[in-house]
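Colleague: I would like to understand the aromatic rings here. Can you take me through the terms as we go?

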Amino acid sequence: MKASDLFVRCLEEEGVEYIFAVPGEENLDLVESLRSSRIELVVTRHEQHAAFMAATYGRLTGKAGVCMATLGPGATNLLTGMSYAQLCGVPLVAITGQKAIRQNWQGNFQIVDVIGTFRPCTKWNRQISSAETIPRFVRHAFKLAEDERPGACHLELPEDVASEQVEAEPFVRRRLRRPVPDEKAITAAVDLIRAAKQPLVLLSAGANRKRVGKQLELFCEKLGVYAVSTQMGKGVLSDRHPQSLFCLGIHKTDYVHAAVQAADLVITIGYDIVEYPPSVWNPERTKKVLHLDFRLAEPDQYYNPDVEVVGDVSNALWAIHSRMRPEDAFDTTKMARFREALVKRLHQVETPRSHPPKPQRIVSDLRAALGEEDVICLDNGIYKLWFARMYQTYADNTVLLDNALATMGAGLASAMAAKLVHPERTVVAVVGDGGFMMNSQDLETAVRLQQDLIILLLRDDGYGFIRWKQQGMGFAEFGMAFGNPDFVKYAEAYGATGIRVSEGFDLSSALERAKATKGPVLIDCPIDYSENEKLSADLSVEFEELVR
């Protein structure tokens, strides 16, 4: 068969459902082979957006999302999305085209060293120089992308190789089982917990990725320990659970940090130092640390775990809590009182309605409008901190945000991919005007896909996060403001629906209308950031007495 046909058959064997792509002429053999495939080709309007969609698909399914671009500028446009996947620890396979490697009559036109360029941002990447290697390379790319720690892999398929004739068959994809943790490590973990006076569980992105919620609940309940999550760990333990202390929305200064300061043992689950630096929560390096993860801890001067339990995390949690005796459980009185204070401060404060609305009111209105399984996808801006702190989350992977690469421009793509994976759920992209305009052209893609999608655009006519940081450093405001289009007309120009939040039409009303409207809906909502200074104050101080 033709090599490109073999390549597509290999992708089908891997269970690929979608390829997100901006094709080029060097991909045309592969595009032709996809035409008769069961794989859906989703053509986007920018390669970066395609990579963001593939990364979110990988994050939600555990299977590598796939994106494709041509050589040169097409390939380099994928780089931010691939870095996003690599740093966030989500599986992605990127495919790029290339000029013929044997008889390239066009010289160096559009040629850059794609393999060399991608090397720092991938787990593995190769040029396919012979059609016979396609089955092995495709299987290897997917296996490595999905293996712990997940990340980005890349294959470059030159056009002359794609058009070759080849006799080969796809490698069969096998279901693999993860190893269970070592028995001696489990025993050491149990001893470490029994010796503690005030342990605390810290949930991070790795726990959210592997859906360890059931055993985590049993672990917390049986041991009497409470859990706090990083931004990317939101939802692993439902915020309805009485032993959830919610989210570390802000480094060092948030209310929740008082519990971290008071803990003598921190039990990290799926923890990655890239998201929440250990120097923030273990500055004196005096805390005992129990590391539960699918892989060994990354060495850091502030993170040198006393015990590492490596292997299937659900099994590790079960193995530990099944060995604990009733008399081993910790007294929950103090932490229950602390949680009650957090609930009153974060979730029971009614922010008055005003125009423009304040971030607290926006978080409250969106939470009230959505079900427990509905999904919000946050781009990057100052609003992300308000949502991380105050948006109550009840299920894993229902709040998708990036606190690793923290790139702007990913919110819309993330929501579009989430809607493909969960078409039955309401999905909302929460974006700033800065981040949205980086990939806003893919609103047309959402229209073409006929997605019932809500885009909540929070408009402050500037780069609000950097403006806040600028003010915090005592600098005069400079270089942060910009103009914006009429977003309602902008949405309508693409065939979407535009709704404007105004003095007489609040956000809750706009959300109800958006939910009842078919197709993509963009809500233009101005935001009052005058209370951002509350994000800078040391809020943990007033709660320290509760946890001592």
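Modeller: Start with burial. Buried means under 20% relative accessible area, exposed over 50%, and partly exposed in between (1.4 Å probe, protein chains only). This is a predicted model: local features need pLDDT of at least 70, side-chain atom pairs count only at pLDDT 80 or more, and totals for chains, interfaces and linings use all residues. Residues are numbered from 1 along each chain as its sequence is written, and side-chain values use heavy atoms, with hydrogens and water left out.

Colleague: Why does F387 count as buried?

Modeller: F387 has 2% relative accessibility. The limit is under 20%, so F387 counts as buried.

Colleague: How many aromatic pairs does a search of the whole structure find?

Modeller: The search finds 14. Rings of Phe, Tyr and Trp (its six-membered ring) pair if their centres lie within 6.5 Å; planes under 30 degrees apart count as stacked, over 60 as edge-to-face and the rest as tilted.

Colleague: Why is the pair of F387 and Y391 tilted?

Modeller: Their centres are 6.0 Å apart, and their planes are at 40 degrees.

Colleague: What makes F436 and Y490 edge-to-face?

Modeller: Their planes are 75 degrees apart, with 6.4 Å centre to centre.

Colleague: Why is Y490 called buried?

Modeller: Its relative accessible area is 18%. That is under 20%, so Y490 is buried.
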